[in-house]
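Open your viewer, keep the selection tool at hand, and follow along stop by stop. Each stop tells you what to pick next.

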Amino acid sequence: MAYDLEDTIAALGTASGGAARGILRISGPRAIPCLASCFAADNGQKLSAAGTSACVISGTLRVGKPSLDLPCDVFVWPTTQSYTRQPTAEVHTLGSSPLLEAALQEICAQGARLAGPGEFTLRAFLAGRLDLTQAEAVLGIIDARGQQDLQNAIAQLAGGLSQPLTQLRQQLLQVLAELEAGLDFVEEDIEFISPEHLRCQLNDARKVVTTIQQQMSSRTSTNPLPRVVLVGAPNAGKSSLFNTLTECFADDRSHPPAIVSETSGTTRDYLTSVVVLGGVPCEIVDTAGEDLRTSTHSIPGAAQEMTQAERRRADLLLRCIDCTTSQSLGEPTSATELLVWTKADRVDSTSDSTNEILRCSAVTQVGLDALQREIGKRLQASPIIAGGVVASTAGRCTDSLRLAEQSLDQAVRLVDQSGGEECIAAELRAALQELGHIVGAVYTDDILDRIFGQFCIGK
Ligand SMILES: Nc1nc2c(ncn2[C@@H]2O[C@H](COP(=O)(O)OP(=O)(O)O)[C@@H](O)[C@H]2O)c(=O)[nH]1
Ligand SMILES: [Mg+2]
């Protein structure tokens, strides 16, 4: 990836394909002159004379050969107030792909070059407008697959991670400065920081690292989506409910449906599909029935073991009860279990005064909406998505946090053993280095390539 900040970069800021409006983005030292050479303002104003404050100017962009005058609004940020902290402009015009392509070519002919993936955000990072966790949050917003993802990304962009990490690094830098001052005056018996104060500061820092680690570990399991597992007796209607939920709320409809049968014990392994329930993306899992006493056909042992394994992996269990066979209301056995009465179309629900219970039908889809909202509500409160960290950040930072924690542990141990201040300072420097990787105070081109390479061009 190119890091040359002297280049002026340009890209389409909106997805290709027809739309009412399209955006062309330009940033870099020559952004305004590049645009000025093919833009004419309706009021005759010169772009170069636009002054230093951000403004919007209506006019036309002359593109292509034979040339065409495109009506547009030009947004100009002529100074460091822009996203990239370089002169930046956006052309908002008709959303036609060939017209936008022609406009982009025109801007490039005037001296700009095509931007690489995420290069605008990369410049914002290099200019200090964002740290790495916030840059990842920008991507998190673009890729959000539901309300919760979006909220996490927005919180992270607003500094949800940067702030505690910056504070922590400042605190550790202060401690390090005091330790190093002591090292400089080691002959003179001046104490710059007492062992008690040092231990206290290190323990505080350690606690912050642990909290952030916990927040992130909920997002780094191999499958970051919460799992909703359907359980219940054979023939309770689990597979039917699975199919209906998938049909109505699927994120990806490419999977085969589960087999539904009057013969109990048809589902012998498990099936999964990704759905969005109550705004929360999650994986629903159909399992083989569990209760053999009601079954005339035995479910193979392996299928039962799988069901048990799925139960343990579940973030929420949906216990399906056939309301044509069970009169008892029952009680959920844990906070992560939800009771669902199936085949509601086969009983007269008006005779039942309890409106609180979740009754639904895979056939008529009655009650399905209430069910998906309740599942979403339960998942929002479950620890797997309450973390508030963008998954890619969590994945990238696990090692750094673990190493920072190890160094802080070792530093506390050294304080307890009255170890040398030089060794304690070395551990602190190592911890700071790792925390620096997370926010991007310490980075390599390789790390930047990996992060910004995931962005689309134009962001
Ligand atoms: N009328 C009605 N029948 C259902 C409903 N859900 C399932 N069934 C029937 O109940 C039987 C067992 O369903 P299935 O989904 O295979 O149950 P599973 O063994 O729990 O997976 C099949 O004959 C289904 O057609 C429903 O909502 N309404
Ligand atoms: Mg089944």
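Start by selecting Gly 140, which is found in helix 4 (residues 132–143); helices here are DSSP runs of H or I with at least four residues, strands are runs of E with at least two, and both are numbered from the N terminus. This is a predicted model, in which local features need pLDDT of at least 70, side-chain atom pairs count only at pLDDT 80 or more, and totals for chains, interfaces and linings use all residues. Residues are numbered from 1 along each chain as its sequence is written, while chains are lettered from A and ligands numbered from 1 in the order in which they are written.

Is Gly 140 buried or exposed? Gly 140 is buried, because 24 other C-beta atoms lie within 10 Å. The cut-offs are 20 or more such atoms within 10 Å for buried, 12 or fewer for exposed, and partly exposed in between, with C-beta atoms placed from the backbone.

Next, select helix 3 (residues 119–126): 7 of its 8 residues are buried, so the rest of the structure largely encloses it. Those buried are Glu 119, Phe 120, Thr 121, Leu 122, Arg 123, Ala 124 and Phe 125. Show what they pack against, namely strand 1, strand 2, helix 4 and helix 14 (445–452). After helix 3 comes Gly 128, with a positive phi near 85°.

Move on to strand 2 (residues 21–27), where 5 of 7 residues are buried. Strand 2 pairs with strand 1 (residues 9–12) in the antiparallel sense over 4 bridges; pairing requires that DSSP finds at least two bridges between the strands. Look for Leu 12 opposite Leu 24. Strand 2 is also joined to strand 6 (residues 88–94), running antiparallel, by 7 bridges, and there Ile 23 stands opposite His 92.

Now pick helix 7 (residues 195–217). Its 23 residues should span 33 Å at 1.5 Å a residue, and this agrees with the 32 Å between its end C-alpha atoms; the expected span is 1.5 Å times one less than the number of residues. Colour its buried residues: Leu 198, Gln 201, Leu 202, Ala 205, Val 209, Ile 212 and Met 216. Their cover includes helix 6 (162–184) and helix 12 (391–416).

For the next stop, display the open sheet of 6 strands, ordered 9-10-8-11-12-13 with mixed pairing. At its edges are strand 9 (271–277) and strand 13 (358–359), each pairing on one side only. Strand 13 runs parallel to strand 12 (residues 337–342), with 2 bridges between them, and Val 340 has Leu 358 as its bridge partner.

Finish at ligand 1. Which residues are closest to it? Among the 21 residues surrounding ligand 1, the closest are Gly 237, Lys 238, Ser 239, Ser 240 and Ala 362; a residue counts as near if its C-beta atom, placed from the backbone, lies within 6 Å. Helix 8 gives the largest share of this shell, 3 residues.

Methods: Contact = placed C-beta atoms within 7 Å.
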